[in-house]
Amino acid sequence: MQLLRRLSGRRAARSEHGAFVIDGPVLVREALAAGVAVREAFVVPDSPAGLVDALFASGVRVHSVTPEVL
């Protein structure tokens, strides 16, 4: 979670880790469809079930968190 915060807030962290944050179910679906290597996903309990299933099917590590955390 700490890395997520750093990636979200600092361009230098994104460059350092060669990673970025995708926010929202539409963009995540598009990334998966485009073949982007999604490493981890943080989802809230009311996330679209199909999206969570697609993440699991793609081998993504999925973390369930409360809306307040995000």
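The accessible surface of the protein chain is about 5000 Å². Carbon and sulfur atoms account for 54% of that. Keep in mind that this is a predicted model.

Now, the interior. The chain has 70 residues, and 23% of them are buried.

Next, the layout. We have four helices and two strands. Reading from the N terminus, the order is α-α-α-β-α-β. The radius of gyration is 12 Å, close to the 11 Å that the globule rule gives for 70 residues, so the chain is as compact as a globular protein of that length. As for dimensions, the C-alpha trace spans about 35 × 30 × 20 Å along its principal axes.

On to contacts. Take the pairs at least 6 residues apart in sequence. Of those contacts, 15% join residues at least 24 apart.

Then charges. The chain carries 8 positive and 7 negative ones. Their mean positions lie 11 Å apart.

Arg-61 sits in strand 2, residues 61-64, and Glu-40 sits in strand 1, residues 40-43, so the pair ties together parts that are 21 residues apart in sequence.

Are the two partners buried or exposed? Arg-61 has 52% relative accessibility, so this residue counts as exposed. The cut-off for that is over 50%. Glu-40 has 36%, so Glu-40 counts as partly exposed.

That's the tour. Over to you.

Key
Residues are numbered from 1 along each chain as its sequence is written. This is a predicted model: local features need pLDDT of at least 70, side-chain atom pairs count only at pLDDT 80 or more; totals for chains, interfaces and linings use all residues. Side-chain values use heavy atoms; hydrogens and water are left out. Buried means under 20% relative accessible area, exposed over 50%, partly exposed in between (1.4 Å probe, protein chains only). The radius of gyration is taken over C-alpha atoms; the globule rule is 2.2 Å times the number of residues to the power 0.38. Contact means heavy atoms within 4.5 Å. Accessible areas come from the Shrake-Rupley method with a 1.4 Å probe; for residues, only the protein chains shown count as cover. Lys and Arg count as positive and Asp and Glu as negative; His and the chain ends are not counted. The place of a charge is taken as NZ of Lys, CZ of Arg, CG of Asp or CD of Glu.
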